[in-house]
Amino acid sequence: MSIASIMVAVDDGRHARTRVRLAADLAHRLGARLVGAAACMPDYPQGYGETAVPMGMVIEEIRQAALDRCAAAEQVFRHGSCLNDCVEWRSDIAGPVPFLAGQSRAADLVVVGRYAEDEGVRPGMAVDLGDALMGLGRPVLVVSAGIEHLEARRIVVGWKNTPQTRRALSDALPLLRRAEAVQVLRMTDDGDRAEVDDVVRYLALHDVNASGHLAARSGWSVAEDLQKAVRAIDGDLIVTGGYGYSRLREWFFGGVTRDLLSETTVCCLMSH
């Protein structure tokens, strides 16, 4: 198990540069290839493609604007990855998430950004985090706006015995092995340590220095409890599964994934 190829989603937002630098540094430390990817959906007028709407120079100008945005994103990527030995660039005029999903065949890990309120990314280039997590078929590293470096020396695994969390644990093994300390944290009120102790023994077989912890819910969200836990050990990465329930249910009733994607201030490695 290794991370040999990292893909980073690039856009025209304020924090694209810092996201690229984080991905470039991580790729350098892991000896991985770094692939930059950007797509822009042209802002065609309503009715484009129908006979009632005339074609011509206006459509071509819109298409060229999308190409220019992809070219600008490439410059951001090239600048941020200039010290990496093995880099590639991929872009197209397309929806960002479908394009990223297709290109993720060439990646072990995909880095995406959680946008700031003033991010300024154009809708045609924005990557929806929920769509990416559900559709890429790869572990997703969500980077909050402005974070430029991921040390990943102290990591919290938000444990729940679901297929998504088990997959995330396996996907994160290359990072967990390199960490100084890994805390496997289960939010529960029953005091049963069987699951976390079993996971800790499993991780030890993979040379991961892990310890198991139980914590009662604070009354705030589980996402907030996970963030408090990672801050308590001076860590900077949460590993957990994503959308154990349906995304629609989380949208209506709330859920850990939704809260982490919308609120977290630390990096999250998530798998679905």
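**Exercise 1. Arg 186 and its surroundings**

Find which residues Arg 186 touches in this predicted model, leaving out residues up to four places away in sequence, and decide whether Arg 186 is buried or exposed.

*Solution.* Begin with the neighbours: Arg 186 is in contact with Trp 159, Asp 192, Glu 195, Val 196, His 213, Leu 214 and Ala 215, once residues up to four places away in sequence are set aside. Then look at accessibility. The cut-off for buried is under 20% relative accessible area; Arg 186 has 16% relative accessibility, so it counts as buried. Finally, check the polar atoms of the side chain: one of them lies 3.1 Å from the backbone oxygen of Asp 192.

**Exercise 2. Asn 84 in its loop**

Work out where Asn 84 is found and which backbone oxygen its side chain reaches.

*Solution.* First, locate the residue: Asn 84 sits in the loop that runs between helix 2 (57-80) and strand 3 (87-92). Second, apply the accessibility criterion: with 13% relative accessibility, Asn 84 counts as buried. Third, follow the side chain, which reaches the backbone oxygen of Ala 24 at 2.9 Å.

**Exercise 3. Helix 8 against helix 10**

Determine at what angle helix 8 and helix 10 pack, and which residues make the contact.

*Solution.* Start with the geometry. Two packed helices are described by the angle between their axes and by the distance between those axes. Helix 8 (residues 222-232) and helix 10 (residues 256-263) have axes 8 Å apart and pack at an angle of about 55 degrees. That angle makes helix 8 oblique to helix 10. Now turn to the residues: helix 8 contributes Val 222, Ala 223, Leu 226 and Gln 227, while helix 10 contributes Val 256, Asp 259, Leu 260 and Glu 263. Sorted by class, this contact has five nonpolar, one polar and two charged residues.

**Exercise 4. The chain as a whole**

Describe how many helices and strands the protein chain has, and what share of its residues is buried.

*Solution.* Count the elements to begin with: the chain has ten helices and ten strands. Its radius of gyration is 20 Å, close to the 19 Å that the globule rule gives for 272 residues, so the chain is as compact as a globular protein of that length. For the dimensions, the C-alpha trace spans about 70 × 45 × 30 Å along its principal axes. As for burial, 50% of the 272 residues are buried. To finish, consider the contacts between residues at least 6 apart in sequence: 78% of them join residues at least 24 apart.

Notes: Residues numbered from 1 in each chain as written. Predicted model: local features only at pLDDT ≥ 70, side-chain atom pairs only at ≥ 80, totals over all residues. Heavy atoms only, no water. Axes fitted to C-alpha atoms, helices over the stretch in contact; angles between N-to-C directions. Helix = DSSP H or I, 4+ residues; strand = E, 2+ residues; numbered from the N terminus. Parallel < 35°, antiparallel > 145°, perpendicular 65-115°, else oblique. Contact = heavy atoms within 4.5 Å. Nonpolar A, V, L, I, M, F, W, Y, C, P; charged D, E, K, R; others polar. Buried < 20%, exposed > 50% of the residue type's maximum accessible area, 1.4 Å probe, protein only. Polar contact = N/O pair within 3.5 Å; in protein donor to acceptor, adjacent residues only side chain to side chain. Rg over C-alpha atoms; globule rule 2.2 N^0.38 Å.
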